[in-house]
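Here's a quick tour of a few spots worth a look in this model. Have the sequence and structure open as you read.

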Amino acid sequence: MLLIGENINIMSRTIGPAMKGRDPAPIQELARDEASAGVDYLDLNIGPARKAGDELMGWVVTTVQAVTDKPLSLDTTNPVAMEAGLKAAKSKALINSIAPARVDEELPMVREYGAAMIGLLWGLDGMPRDANERALIAVDLIYKANEAGIPNEDIWIDPIASPVSVEINQVRACLEFMGMLEEIAPGCRSTVGLSNISNGTPADLRPYLNRTYLIMLMRYGLYSAIVDAFDTELVKIARGEMPHIVELVHRVMDGDSPDLASLGEEEVKYAKTVRVLTGESLYSHSWLEI
Amino acid sequence: MTFEIPKTKYSGRIREITLGKGDKAITVGGESCYPFYLYEGEMPRLPRIAMEVYDCPPEEWAPAALEPFAGVTDDPVAWAKKCISDYGAEMICLQLISTDPNGLDRGAEEAAQVVKQVADAIDVPLIVWGTANHDKDSEVLRLVAEKCQDKRLVIGPVEEGDHKKIGASALAYQHTLVASSPIDINLGKQLNILLGNLGVSDELLIIDPTVSGIGYGIEYCYSVMERMRMAGLAQQDDKLQFPIICNVAKEVWKTKEVHIPTEEAPALGDAKKRGILMEAMSAMILLLAGGDVMIMRHPEAIRLVREMITELTAS
């Protein structure tokens, strides 16, 4: 399980101004902290970066590489900025991301710079409605990537996790697709923007959704995830250090309803969260209390 | 091999909630199947209709809607009585339009006085509907709850932003609350949990999912109500096993389509029939989605909907 730290993001109240003002200190501090928190990649999200995005991405990559050797995930929808980041990257970078709408511009870059790519399953018609539509988009995208000379192991498919408070069927479809991927595209890798599952949920409760959904996706073979680097329990889960929680989540996924009174306080929270994420129990902000 | 029609497996039942008190009290809910799926379960209490009365003379009502109430629209008590005696209303919904801070902005004391007068004058259940302005509703509905403390009113809308204030006073005087959420099943469930935490008993709650009329997003309302019923009936979600109330007339009769005169848009047909049919059809759609109480306006639209309910439930 590889972890990609999501924290260097232009939307952040400290990082945004630092990026705009080209102030390296806050970015470098965060990069060091993420690296020591134990993530494998650092995601550098500069947003759409329509104006001078190339210069910004080049600068951010150089700034981060000055303090850490961790490989980078370059996160922008601007292809020019993407290319500038790839040029500046010292080790094999991950393009975050290429969706069907941008294949013509961006697939050639993957080979040219010896990078890997996240294949985002956001179709030409928008968000896929179920697991099968995800599969259709994936097959097409992988075919085009292979044609452009990109081997499966450099394609990390992102089936798109969407908030549990918006549409539970999408939460299930993302899981279901994850179970299909190995068969559809042997050797392909996968990733997911994990924190999106808890978007709209009160901040202090988000980690329960993130961690539980990670365990559920890992069961279906998830290769990597873009995560909050500072959720230490989540990092432990990814490292296989919480086997009893993983075992509990699997049991509840299989339909077992353990006697909540026999579980510890934390275990109860995981059990309740699985039931919300499978759709067995309808989500509400108070899901842990009822 | 004989063919067997597949049946839905239900594991829950909607609670029965009694609105009002005395001989004319009305109990709604109790369904053990999806709306009108009488071949799969029962609807022991048929959906009911409340007729709306404004607490001040309505402005901008289409002529078709005003006609049945000619002569009483400046007197809420007379209006309510007319609904009951002339149109057989089983419930009245008093819309506190005059309290709207962006309109007449009538004070809580005066508004509560009108509610009291109407409540004293009728014996059918009375629903009191505010303006969904949290500050104003907190002020007005709390006073209404106190002044009408022995009346067992149905008070709403109670939203997350004012549920504590309105909830507490309704709780003190044992009124029924309309838990109102913005077309969102998760937020609807959350509000019911919050009201439960506040101490509101399950017998005093009815859900308002926020509805609209035909052509104005009714399919979203339908979908949310349908999912509420699925959660309550098939997934044992006890936080959603409540009857549903739909404040639909106000939404239908404010649309452009009910106001255009016949001669300006002949293709849309007779203006009077058009408004009536839009109201009746909107209400019918919401009944098919799981509504238990419809707040309606035009007597003819009400007659049409009652007829449909009778036909759909005929044995």
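A:Ile160 sits in the chain A loop between strand S6 (155-158) and helix H7 (168-184); helices (H or I, at least four residues) and strands (E, at least two) are DSSP runs, numbered from the N terminus. This is a predicted model, where local features need pLDDT of at least 70, side-chain atom pairs count only at pLDDT 80 or more, and totals for chains, interfaces and linings use all residues. Residues are numbered from 1 along each chain as its sequence is written, chains are lettered from A and ligands numbered from 1 in the order in which they are written, and side-chain values use heavy atoms, leaving out hydrogens and water.

Back to the backbone. Most residues other than glycine have a negative phi, and most peptide bonds are trans.

| Residue | Phi | Relative accessibility |
|---|---|---|
| A:Ile160 | near 70° | 11%, buried |
| B:Arg152 | near 50° | 29%, partly exposed |

B:Arg152 is in the loop between H4 and S6 of chain B.

There are cis peptide bonds too. One joins A:Asn96 and A:Ser97, with omega about 10°, and A:Ser97 belongs to strand S4 (residues 94-98) of chain A. Another runs from B:Gly156 to B:Pro157, omega near -5°, and B:Pro157 is part of strand S6 of chain B.

Last stop, helix H5 (residues 163-173) of chain B: its buried residues are B:His163, B:Ile166, B:Gly167, B:Ser169 and B:Ala170. After H5(B) comes B:Gln174, with a positive phi near 60°.

How values were computed. Buried means under 20% relative accessible area, exposed over 50%, partly exposed in between (1.4 Å probe, protein chains only).
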